[in-house]
Amino acid sequence: MKNFTLYLVILVFLFVSKVLGQETFESKAKKIANKIEKVTKEEKAILKEEVEAVNVQLSEGKITQEQADKRKKELSEARAIIIEEKVTLAQNELNDLVQQKVDGKIKEQDSIKKGKIVIYWDKNDKNKKSRDSIHGEKRTTSQFVFAMGLNNMMADGKLQDSNYGFMSSHFYEWGFTYNSRLMKTDNLLHAKYGLSLMYNNIRPTDNRSFVVNGDQTVLQTNAINLDESRFRNVYIVLPLHLEFDFSKPQVSNGKTYFRTHKSFRFGIGGYAGINVKSKQILKYDQDDLDYKTTIKGDYNVNNFIYGLSSYIGYKALSLYAKYDLNPLFQDNPVKENNISLGLRFDLN
């Protein structure tokens, strides 16, 4: 389900990119999306064959129902790990592609007419383009985004800092955005939208870690003394903000050029996306040896995420806050919602 939704999110992003005319970038990203879809279909087909083989053994009386259920669970977990590893590789390719776009290694098409690409090689035209880039920016620009800071949980309007370390729980986010000026002759209002990878970490206090109890996920005290207990969730999200940019326009040769990220900025909006990974990391010492255990699973975490976010700052640096409107866990009696506060960098 998560992998299918990931593919759907990428397709939505590709549609937005196509509307903006990012054909070169689109073709590369589409290959990655196709790769994710192919991996998911192939591994699920293999899993189906393996499960059918187990059913045959069960019908022939070679194994018991309990043994069959156990074997199916093992096969499912093994295939899930393989899918996750292959999808992670594809995600890394997507991150590299985004970085190439930010670095300007993937060029935009200069013009499209009747389905044909027209590239202008005239030296004077190139010089004019260079002069224009000095004076101002296009109506739609792109930025690389990186954010980090403190992360915690809210329940019934109260911060759960007694359950999770206040200074030791962190979030990280990186991705890229498009910034489109909404009015032709005014620089104040902008639509800011893009694609981000979010890491939300919480660290339980009092030597506790998460355990799954049926359809609920609860904190439980460990029998051994833990050096570290960390619960991480990774999301791919589509953020959308209305940005107020107070950068003043520049006038040159009687023409007005608008710039962005040159003064105070304020943005308000939200985000929506999917959970692509949940895991718990435990570190402890035993018999003078250091151990690190990583446990992956769904932990009854909501597959989808949506929330509100806002930022205020000067030039590229902003104070950034976000709050999940849906709880972290699906069926826990106490609804805990993720909240984050930190710094955000929007780099043109």
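Lys192 counts as buried, at 1% relative accessibility. In this predicted model, Lys192 belongs to strand β6, which covers residues 186–202.

**Lys192 and its surroundings**

Apart from residues up to four places away in sequence, Lys192 touches Gln143, Thr177, Tyr178, Asn179, Pro239, Leu240, His241, Glu243, His261, Tyr311, Arg344 and Asp346. With one of these, His261, the side chain of Lys192 makes a polar contact of 3.4 Å. Gly267 is 75 residues from Lys192 along the chain, and the C-alpha atoms of these two residues are separated by 8.5 Å.

**Arg344**

Arg344, one of the residues touched by Lys192, is located in strand β16 (residues 337–347). Is Arg344 buried or exposed? Its relative accessibility is 3%, and the cut-off for a buried residue is under 20%, so Arg344 counts as buried. The side chain of Arg344 is joined to the side chain of Asp346 by a polar contact of 2.9 Å. Asp346 is also among the residues touched by Lys192.

Arg344 lies over the faces of two tyrosine rings. For Tyr311, the distance to the ring centre is 4.5 Å; for Tyr320, the distance to the ring centre is 5.0 Å. With neighbours within four places in sequence left aside, the contacts of Arg344 include Val145, Phe146, Ala147, Thr177, Lys192 and His241. The list also holds Tyr311, Ala316, Leu317, Ser318 and Tyr320.

**Aromatic pairs**

The whole structure contains 12 aromatic pairs. One of them is formed by Phe210 and Phe231, whose ring centres are 4.9 Å apart; the planes stand at 50°, so this pair is tilted. Phe210 is in strand β7 and Phe231 in strand β9 (residues 226–245), so the pair links distant parts of the chain, 21 residues apart. Phe210 is buried, with a relative accessible area of 5%, and Phe231 is buried as well, with a value of 0%.

A tilted pair is also formed by Phe264 and Tyr314, at 5.0 Å centre to centre and with 55° between the planes. This pair too links distant parts of the chain: Phe264 is in strand β12 and Tyr314 in strand β14 (residues 304–314), 50 residues apart. Phe264 counts as exposed at 53% relative accessibility, while Tyr314, at 41%, counts as partly exposed.

Phe210 and Phe231 also belong to an aromatic cluster, together with Tyr164, Tyr299 and Phe329.

**Hairpins and positive phi angles**

Strand β7 (residues 208–213) runs antiparallel to strand β8 (residues 216–221), and six bridges join the two. Within this pairing, Val211 has Val218 of β8 as its bridge partner. Two residues lie between the strands of the hairpin, where Gly214 has a positive phi near 70°.

Strand β12 (residues 264–286) and strand β13 (residues 289–296) are likewise antiparallel, paired over eight bridges. Gln286 is bridged to Leu289 of β13. This hairpin also has two residues between its strands. Asp287 takes a positive phi near 55° there, and Asp288, in the loop between β12 and β13, has a positive phi near 65° without being a glycine. Asp288 counts as exposed, at 82% relative accessibility.

Asn300 is another residue that is not a glycine but has a positive phi, of about 60°. It is found in the loop between β13 and β14. Asn300 is buried, with a relative accessible area of 15%.

| Residue | Phi | Location |
|---|---|---|
| Gly214 | near 70° | hairpin of β7 and β8 |
| Asp287 | near 55° | hairpin of β12 and β13 |
| Asn300 | about 60° | loop between β13 and β14 |

**The chain as a whole**

The chain has four helices and 16 strands. It consists of 348 residues, 41% of which count as buried. Among contacts with a separation of 6 or more, 70% are between residues 24 or more positions apart. The accessible surface of the chain is about 19,600 Å², and carbon and sulfur atoms account for 56% of that area.

Definitions and conventions
Residues numbered from 1 in each chain as written. Predicted model: local features only at pLDDT ≥ 70, side-chain atom pairs only at ≥ 80, totals over all residues. Heavy atoms only, no water. Pairing = 2+ DSSP bridges. Buried < 20%, exposed > 50% of the residue type's maximum accessible area, 1.4 Å probe, protein only. Polar contact = N/O pair within 3.5 Å; in protein donor to acceptor, adjacent residues only side chain to side chain. Contact = heavy atoms within 4.5 Å. Areas by Shrake-Rupley, 256 points an atom, 1.4 Å probe, with all protein chains shown as cover. Phe/Tyr/Trp six-rings, centres within 6.5 Å; stacked < 30°, edge-to-face > 60°. Lys NZ or Arg CZ within 6 Å of the ring centre and 35° of its normal.
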